[in-house]
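I opened the model to look up a few features one by one. My notes follow.

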Amino acid sequence: MKKILLCLLSVFAFAPMSEAQNAISNYTVCIGKASYANTDFILLRKFKQRNKTKFLAVAVYSLNTSILDSAEVKFNLSYWQQLKSTYSNTPFIKALIDVEAKSFLIQDAGVTHGYPSEKGITLTVDLCPSHKPLDRSIFNSVINAFAGIEKPVPLGLSISGRFLLNHEDDIQWINKLQRDNLIKVTWINHTYSHYYDPKVPLTENFLLKPGTNIHSEVLKLEQLMLEKDMLPSVFFRFPGLVSDSAIVKQIITLGLIPIGSDAWLAKGNQAKNGSIVLIHGNGNEPVGVKDFISLIKNKSQLVKSRQWLMFDLSNSVKGDF
């Protein structure tokens, strides 16, 4: 009995220590460039974790993010204007410039379509705040539909901080699917709070709510994700796909690429080859989920012949630029 009690005590003692070890401090915007493992990176954030100074950085050609230890990389702080000149021909800078040119749109500003020659789609699933559980049928349907064809199946999850905090079991389930190599998740920043009031007009709703701190909404979620061992991508999705020119430019200045959609299924949009498809997996949009499951069932023969596939978000955007 004493041995059992000692084991239980050690488990309870270990849990908070583990969380404390993962804690992040001094999480700030830090713009610069670095070279590591023959790859060119642009630095986006700087923070302290486990007594080490680290960077969140994006590879300018692949658009993949990495955590770099400052003691192991050569880096220089810089300015966006210099970086845009140095890396003008890279997919990362080209995407930022393209999005800035479309910043006047109040809805769907950002990249809305992937590489045109793709035979298939890029799936993005929004996880807005919700008291309902994760719609796991999306993941199970994708895994079953592409079994033996694509493993892991790539998909983008646009996650909000309030969903992350209130759905720990769902997140653990998703992470297990990743560990089992069934899915490959690109985590898209969908803001920490994801404010929405159905009674308020779009011009004052979502991130357009007066007094919204854009930097806090982005950085607070990134830090939370990192503390939970989730790697933030370089992609961002506006809540409700609503923005204005000033907010788009703030997001770009943070080094993030806004992702829209040309196929929000619940709105009646039709998915085409190369579409960035949007559905909600938070239990609040069953119509979109039903339409998506019907879509992949209708494409089953093309899937089997590898003529209709699921594409990784980074590769889709990279291919477009």
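Is C128 buried or exposed? I find C128 buried, at 8% relative accessibility. I call a residue buried under 20% relative accessible area, exposed over 50%, and partly exposed in between (1.4 Å probe, protein chains only).

**Ground rules.** This is a predicted model, in which local features need pLDDT of at least 70, side-chain atom pairs count only at pLDDT 80 or more, and totals for chains, interfaces and linings use all residues. Residues are numbered from 1 along each chain as its sequence is written, and side-chain values use heavy atoms, with hydrogens and water left out.

I looked up C30 next. C30 is buried, with a relative accessible area of 8%. Then I searched for disulfides, meaning pairs of cysteine sulfur atoms within 2.5 Å. The count is zero.

**Cores.** Which residues touch the most other members of the largest nonpolar core? They are I42, W80, F92, F235 and I257, in a core of 44 residues. I take a nonpolar core as a set of buried Ala, Val, Leu, Ile, Met, Phe, Trp, Tyr and Cys residues joined through side-chain atoms within 4.5 Å. Helix 3 (residues 91-101) gives the most to this core, with five residues. Helices (H or I, at least four residues) and strands (E, at least two) are DSSP runs, numbered from the N terminus. Another core lies apart from the largest one and has 42 residues, including V125, I174, L265 and M310.

I also listed the contacts of I42, with contact meaning heavy atoms within 4.5 Å. Leaving out residues up to four places away in sequence, I42 touches G32, K33, A57, V58, V60, W80, L83, Y87, F92 and I93.

**Aromatic pairs.** How many aromatic pairs are there? I get six. Rings of Phe, Tyr and Trp (its six-membered ring) pair if their centres lie within 6.5 Å; planes under 30 degrees apart are stacked, over 60 edge-to-face, and the rest tilted. F139 and W173 are edge-to-face, 5.6 Å centre to centre with 85 degrees between the planes. F139 is in helix 4 (residues 137-145) and W173 in helix 6 (residues 168-179), so this pair ties together parts 34 residues apart in sequence. F139 is buried at 1% relative accessibility. F236 and F238 are also edge-to-face, at 5.0 Å and 80 degrees. F236 is buried at 0%, and F238 is buried at 2%.

**Charges over rings.** My rule is NZ of Lys or CZ of Arg within 6 Å of the ring centre and within 35 degrees of the ring normal. K220 lies over the face of Y192, 4.3 Å from the ring centre. K267 has its charged end over the ring of W264, 4.7 Å from the centre.

**Strand 8.** Strand 8 (residues 183-189) has six of its seven residues buried. Strands pair if DSSP finds at least two bridges between them. Strand 7 (residues 153-159) pairs with strand 8 in the parallel sense over seven bridges. There V153 stands opposite I183. Strand 9 (residues 232-236) is parallel to strand 8 too, over two bridges. Here W187 stands opposite P232.

**Backbone.** Which residues does a cis peptide bond join? K151 and P152 are joined this way, with omega about 0 degrees. P152 is in the loop between helix 4 and strand 7. D229 is not a glycine, yet has a positive phi of about 60 degrees. D229 sits in the loop between helix 7 (214-227) and strand 9, and is exposed at 63% relative accessibility.
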